[in-house]
Amino acid sequence: TFKIFLVSILIIISFLIYVSTIGIKTDRFNNQILNQIKTFDNNLNVELNEVNIFFVPLKLNVNLKTIGTNIIYKEKKIELASIKSTISIKSLFNNQFLLTNLEISSKSIDIKNLLSFARSFQDDAKLYLVEKLIKKGDLIGNIYFEFDDEGRIKDNFKIYGFVKNGKINSVKKFQFDKINFEFNFIKDDIRFNDINISVNGNSIYFPELIAQKKKDRFYFTGK
């Protein structure tokens, strides 16, 4: 009996190690993830592959991850590197599917294509002007959301990533290219770090630029 008990414990431990490190592949949660993403906009669609499930025993959570995903809006497509999320085990036992967070990571995206995709959400004149101003550049970004107990998006979302090899169409006699920087956007606080830019062939570096929104205006500081 002791041997049976010991073998049972070893099997349980081995299983927990397996699902905590290697995970289990399934498409069982695909529809639930898609429905949660559609809370942003019902026209959004996601091409989901199998989801990897990882058990986090110390936090009593289940982490979900899928890679090689595409997000589609009105026939415009953006390639994603991955979608990650977390579900509490308690909600699964209660026969509920409540995401506590959602993190979307992109592959390298052409900025002009990204702006075109953004304009399909909201055809804003400012986005159109920015799209015409930018000549080229690539962006890799991450968006992180949290959800409340009702499945509503909290307002503490984060957007972060970096821009590389940017170039702006000539403004009068100025040529801006070789633009590289990191960005971090949290609600009313936007931070740009390690800004490198070439102006008419002269390299310029800014360690940090901060834009903070107070009431209806943005105030800029930097160093």
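pLDDT is the predictor's confidence in each residue, from 0 to 100. In this predicted model, confidence is lowest in helix α1 (residues 2–21), at a mean of 69, and highest in β11, at 93. The protein averages a pLDDT of 82, and 93% of the residues score at least 70. Helices (H or I, at least four residues) and strands (E, at least two) are DSSP runs, numbered from the N terminus.

Residues are numbered from 1 along each chain as its sequence is written. Local features need pLDDT of at least 70, side-chain atom pairs count only at pLDDT 80 or more, totals for chains, interfaces and linings use all residues, and side-chain values use heavy atoms, with hydrogens and water left out.

**Aromatic pairs**

- A pair of aromatic rings is described by the distance of the centres and the angle of the planes.
- Rings of Phe, Tyr and Trp (its six-membered ring) pair if their centres lie within 6.5 Å; planes under 30 degrees apart count as stacked, over 60 as edge-to-face and the rest as tilted.
- The count by this rule is four aromatic pairs.
- F145 and F157 make a tilted pair, because their ring centres are 6.2 Å apart and their planes stand at 35°.
- F145 belongs to strand β8 (residues 134–146) and F157 to the loop between β8 and β9 (158–171), so this pair ties together parts 12 residues apart in sequence.
- F157 and F185 make an edge-to-face pair, because their ring centres are 5.8 Å apart and their planes stand at 90°.
- F185 lies in strand β10 (residues 174–186) and F157 in the loop between β8 and β9, so the pair ties together parts 28 residues apart in sequence.
- F145, F157 and F185 form one aromatic cluster.

**Burial in the cluster**

- Buried means under 20% relative accessible area, exposed over 50%, partly exposed in between (1.4 Å probe, protein chains only).
- F145 is buried, at 13% relative accessibility.
- F157 is partly exposed at 23%, and F185 is partly exposed at 24%.

**Helix α2**

- Helix α2 spans residues 30–37, and N30, I33, L34, Q36 and I37 are buried in it.
- Seen down the axis of α2, these buried residues fall within an arc of 160°, so they line one face of the helix.
- The arc is that of the directions from the helix axis to the C-beta atoms.
- The buried residues of α2 pack against β1 (24–26), β2 (44–47), β3 (51–56), β4 (61–73), β5 (76–88) and β6 (99–106).

**S105 in strand β6**

- S105 lies in strand β6 and is buried at 10% relative accessibility.
- Contact means heavy atoms within 4.5 Å.
- Neighbours within four places in sequence aside, S105 is in contact with L80, A81, S82, G141 and N142.

- Two strands pair if DSSP finds at least two bridges between them.
- β11 (residues 189–199) and β12 (residues 202–214) pair in the antiparallel sense over 10 bridges.
- N196 has Y205 in β12 as its bridge partner.
- β11 and β12 form a hairpin with two residues between them, and N200 in the turn has a positive phi of about 50°.
- β12 also pairs with β13 (residues 217–222), in the antiparallel sense over six bridges.
- K214 stands opposite R217 in β13.
- The hairpin of β12 and β13 has two residues between the strands, and K215 takes a positive phi near 60° there.

**Charge over a ring**

- A charge sits over a ring if NZ of Lys or CZ of Arg is within 6 Å of the ring centre and within 35 degrees of the ring normal.
- The charged end of K214 sits over the ring of Y219, 6.0 Å from its centre.
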